[in-house]
Amino acid sequence: MLIQRLPLYPERDDVTLTAYVIDDSGELLNGASRPAVLICPGGAYLGCSDAEAEPVALRFAAMGYHTFVLRYSVLFRGNLAGPMPENPDTVQPHGMHPVPMREIGQSMLMIRRHADAWHVDADRIALCGFSAGAHNCAMYAVNWHTAEMAAHFGVSPAQLRPVAVILGYMLSDYLQMKASPMEGFARKINALANRALLGVEDPDDATRIAVSPALHVSDQTPPMFLWSTSEDSLVPVEHTARMALALAQARVPFEVHVFETGDHGMVLADQSSAGSRDKIDPHVARWVPMAENWLGKRMALPLPERRPGL
């Protein structure tokens with residue numbers, strides 16, 4: 001496997017695309033291109049979670065897909081290890097909307113540029129995000145086809161199109177978040193996340209609507225696999241339900257799973273992504289094979305029925 005980290009900006013080392021490219025082999029695809037999964041870790045737009053990065057990439061690689069991890073622009077540099085920085089007044093203009101969403105498009109084009117060398121099927125790239133990363137992926141999913149996005153990159157929308165999207169414990173409606181009562185840690189994180197993405201702790205309703213992907217679903221939105229837990233204390237499960245309803249109303253194919261147990265940030269729900277035992281739950285971990293089966297309908301590997309001579 002080739003593992004390569006590429007900066008999105010020459011002058012910055014905090015926004016990167018890490019490629020996990022499966023080696024070509026005559027025993028396997030023999031030069032044929034593989035579909036790919038582009039992963040956006042969560043972190044409330046404050047940082048990018050390590051737990052939702054490489055462990056997830058390796059799991060999708062085990063399914064036979066090339067994988068890529070995007071560490072997009074966030075408020076604080078680096079990952080989420082250690083105590084939360086006490087700096088609620090900080091604003092980083094380079095990390096505010098729509099920059100993180102556009103960095104997904106930038107990554108899609110970077111993968112496309114390397115498609116021949118990496119044997120990537122550039123027309124079959126799925127997105128996978130968690131928490132804020134899921135929000136970022138959802139925002140891209142409802143905006144990839146717009147004239148604004150195409151004009152920003154100077155390409156045709158077809159070059160920016162994701163074939164499918166997998167979203168874990170997503171935030172889909174900022175108006176709903178405003179209406180949801182929050183206390184303590186959840187309230188602090190929400191205020192910081194708002195400042196990181198939108199520049200203010202309490203954005204007005206017009207701004208909230210603009211960054212609520214559930215309110216912008218259309219027939220151009222790609223199929224989605226949604227999952228969350230009913231015990232999530234940070235992003236209420238209603239956000240998953242709202243996105244599912246929006247997809248249903250737009251007749252966009254989707255699958256949704258809500259697990260009874262597990263708090264926010266379950267990731268793979270096994271020891272490969274867990275920093276503590278409360279992040280391990282075999283029932284929640286079932287989302288992975290469910291997503292694999294769902295993804296296989298859209299991104300099956302280009303395998304022959306039978307290898308010649310066997």
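Modeller: We will go through rings, strands, a helix, charged pairs and a surface patch. Keep in mind that this is a predicted model.

Biologist: Let's start with the aromatic rings. How many aromatic pairs are there?

Modeller: The general idea comes first: a pair of aromatic rings is described by the distance of the centres and the angle of the planes. In this structure the count comes to 8 aromatic pairs. One of them joins Phe 68 and Trp 118, with 5.5 Å from centre to centre and 35° between the planes, and this pair is tilted.

Biologist: Which parts does the pair of Phe 68 and Trp 118 tie together?

Modeller: Phe 68 belongs to strand β4 (residues 66-71) and Trp 118 to helix α3 (residues 115-118), so the pair ties together parts that are 50 residues apart in sequence. Phe 68 has 0% relative accessibility and counts as buried. Trp 118 is buried as well, with a relative accessible area of 5%.

Biologist: Now the rings of Trp 227 and Phe 259. Why is that pair edge-to-face?

Modeller: Planes over 60 degrees apart count as edge-to-face. The planes of Trp 227 and Phe 259 stand at 70°, with the ring centres 6.2 Å apart, so the pair is edge-to-face. This pair, too, links distant parts of the chain: Trp 227 sits in strand β7 (residues 224-229) and Phe 259 in strand β8 (residues 254-259), 32 residues apart. Both Trp 227 and Phe 259 are buried.

Biologist: Which residues do ring pairs link into a cluster?

Modeller: The cluster consists of Phe 130, Tyr 169, Trp 227, Phe 259 and Trp 287.

Biologist: How do I check a helix, say α7? What span should its residues have?

Modeller: A helix can be checked by its length. Helix α7 (residues 184-198) has 15 residues, which at 1.5 Å a residue should span 21 Å; the end C-alpha atoms are 21 Å apart, which agrees.

Biologist: Is α7 largely enclosed or open, and how many of its residues are buried?

Modeller: In α7, 11 of the 15 residues are buried, so the helix is largely enclosed by the rest of the structure. Among them are Ala 186, Ile 189, Asn 190 and Arg 195, and also Leu 197 and Leu 198.

Biologist: On to charges. How many salt bridges are there?

Modeller: The count comes to 9 salt bridges. In one of them, the side chains of Asp 50 and Arg 71 meet at 2.6 Å, N to O. Asp 50 lies in the loop between β3 (34-40) and α1 (54-62), and Arg 71 in strand β4, 21 residues apart. Asp 50 is partly exposed at 37% relative accessibility, whereas Arg 71 counts as buried at 18%.

Biologist: What about Asp 205? Which residue does it form a salt bridge with?

Modeller: Its partner is Lys 178, with the closest N and O atoms 2.9 Å apart. Asp 205 is in helix α8 (residues 205-210) and Lys 178 in helix α6 (residues 174-179), 27 residues apart. Asp 205 is partly exposed at 35% relative accessibility, and Lys 178 is partly exposed at 46%.

Biologist: Last, the surface. Which residues make the nonpolar patch?

Modeller: Met 1, Ile 3 and Leu 58 make a nonpolar surface patch of about 270 Å². Met 1 lies in the segment before β1 (2-7) and is partly exposed, with a relative accessible area of 42%.

Terms used. Residues are numbered from 1 along each chain as its sequence is written. This is a predicted model: local features need pLDDT of at least 70, side-chain atom pairs count only at pLDDT 80 or more; totals for chains, interfaces and linings use all residues. Side-chain values use heavy atoms; hydrogens and water are left out. Patches are made of residues with over 30% relative accessible area and no salt bridge: like charges are joined within 9 Å, nonpolar side chains (Val, Leu, Ile, Met, Phe, Trp, Tyr) within 5 Å. Accessible areas come from the Shrake-Rupley method with a 1.4 Å probe; for residues, only the protein chains shown count as cover. A salt bridge is a side-chain nitrogen of Lys or Arg within 4 Å of a carboxyl oxygen of Asp or Glu. Helices (H or I, at least four residues) and strands (E, at least two) are DSSP runs, numbered from the N terminus. Buried means under 20% relative accessible area, exposed over 50%, partly exposed in between (1.4 Å probe, protein chains only). Rings of Phe, Tyr and Trp (its six-membered ring) pair if their centres lie within 6.5 Å; planes under 30 degrees apart count as stacked, over 60 as edge-to-face and the rest as tilted. The expected span of a helix is 1.5 Å times one less than its number of residues.
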